[in-house]
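Open the model in your viewer and keep the sequence panel beside it. This tour goes from the whole chain to single residues.

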Amino acid sequence: MIPESYLGWKIDFAGPRGEAAYLAPDSVHWRIYKNPVALGIGGVAAVLLEFADARIRSGGWDHSTYKADPIGRSQRTGIAALVGVYGPASAARKVIGGVNRMHAQVKGTTPSGEAYTALDPDLLDWVAATAEFGFLTAYERFVQPVSEQDKARFYGEGAVLARLYGVKEPPRSPAGFLAMLDAR
């Protein structure tokens, strides 16, 4: 079930008012993000890939509610993603700005002594890449095939929103994601 509010802000995905969203209704993101299977399975895949990096794992574990409320924390992240795709552009900027302000407070050290900050461009790039990969792969495997052209569109569309989060180098294709994975 999609909540009717996010951090006190009323959400109306069925009849949003105001300016257009960052992504158009004919975007590949609109098609994929409306599928709960793709979001659920893709979100779990993204978290597993993200948490393979000790800096991301420590940041999420030590500075969020993930340890005590993994489902609620995942739902809030999902709502932020949905607002970015479907909400009016000003609402997306507001929500993403709030996420960025929260991330600005996240700094620490992993158990092995490696320093991290949530605004590290390498970590932001990886988190955005795993989300795109997870949602797209889950949609293709469990819902329906996606053409190579639409895969490239999906990654290109995602770059627009990823940059608002501070992502510097989002992958532009499945091959770009695999190259990032190999480099880790």
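What radius of gyration does the protein have, and what would a compact globule with 184 residues have? The protein has 16 Å, which agrees with the value near 16 Å for a compact globule of 184 residues. That radius is taken over C-alpha atoms, and the globule rule is 2.2 Å times the number of residues to the power 0.38.

Before you select anything, note the ground rules. This is a predicted model, where local features need pLDDT of at least 70, side-chain atom pairs count only at pLDDT 80 or more, and totals for chains, interfaces and linings use all residues. Residues are numbered from 1 along each chain as its sequence is written, and side-chain values use heavy atoms, with hydrogens and water left out.

**Stop 1: the whole chain**

Show the cartoon. The protein has 8 helices and 4 strands. Helices (H or I, at least four residues) and strands (E, at least two) are DSSP runs, numbered from the N terminus. Along the sequence the pattern reads β-β-α-α-α-α-α-β-β-α-α-α. The C-alpha trace spans about 45 × 40 × 25 Å along its principal axes.

Switch to the surface. Its accessible area comes to about 10000 Å², and 60% of that belongs to carbon and sulfur atoms. The method is Shrake-Rupley with a 1.4 Å probe; for residues, only the protein chains shown count as cover. Of the 184 residues, 41% are buried. Buried means under 20% relative accessible area, exposed over 50%, and partly exposed in between (1.4 Å probe, protein chains only).

Now consider contacts, meaning heavy atoms within 4.5 Å. Of those with a separation of 6 or more, 67% are between residues 24 or more positions apart.

**Stop 2**

The whole structure holds 7 aromatic pairs. Rings of Phe, Tyr and Trp (its six-membered ring) pair if their centres lie within 6.5 Å; planes under 30 degrees apart are stacked, over 60 edge-to-face, and the rest tilted.

Select Trp30 and Tyr86. Their ring centres are 4.8 Å apart and their planes stand at 65 degrees, so this pair is edge-to-face. Trp30 sits in helix H1 (residues 28–33) and Tyr86 in helix H4 (residues 70–86), so the pair ties together parts 56 residues apart in sequence.

**Stop 3: Phe51 and Tyr66**

Select these two next. The rings of Phe51 and Tyr66 have centres 5.3 Å apart and planes at 70 degrees, so they are edge-to-face. Phe51 is in helix H2 (residues 36–51), while Tyr66 is in the loop between helix H3 (54–63) and H4, 15 residues apart. Phe51 is buried at 19%, and Tyr66 is buried at 17%.

**Stop 4: Ala118**

Go to the loop between strand S4 (115–117) and helix H6 (121–142), where Ala118 is found. Ala118 is buried, at 17% relative accessible area. Which residues is Ala118 in contact with, leaving aside neighbours within four places in sequence? They are His103, Val106 and Leu124. Draw a distance to Thr130: the two C-alpha atoms are separated by 15 Å, 12 residues apart along the chain.

**Stop 5: Lys151**

Finish in helix H7 (residues 148–164), which holds Lys151. Lys151 counts as buried at 11% relative accessibility. Show its contacts: Lys151 touches Leu136, Glu140, Val146 and Pro174, not counting residues up to four places away in sequence.
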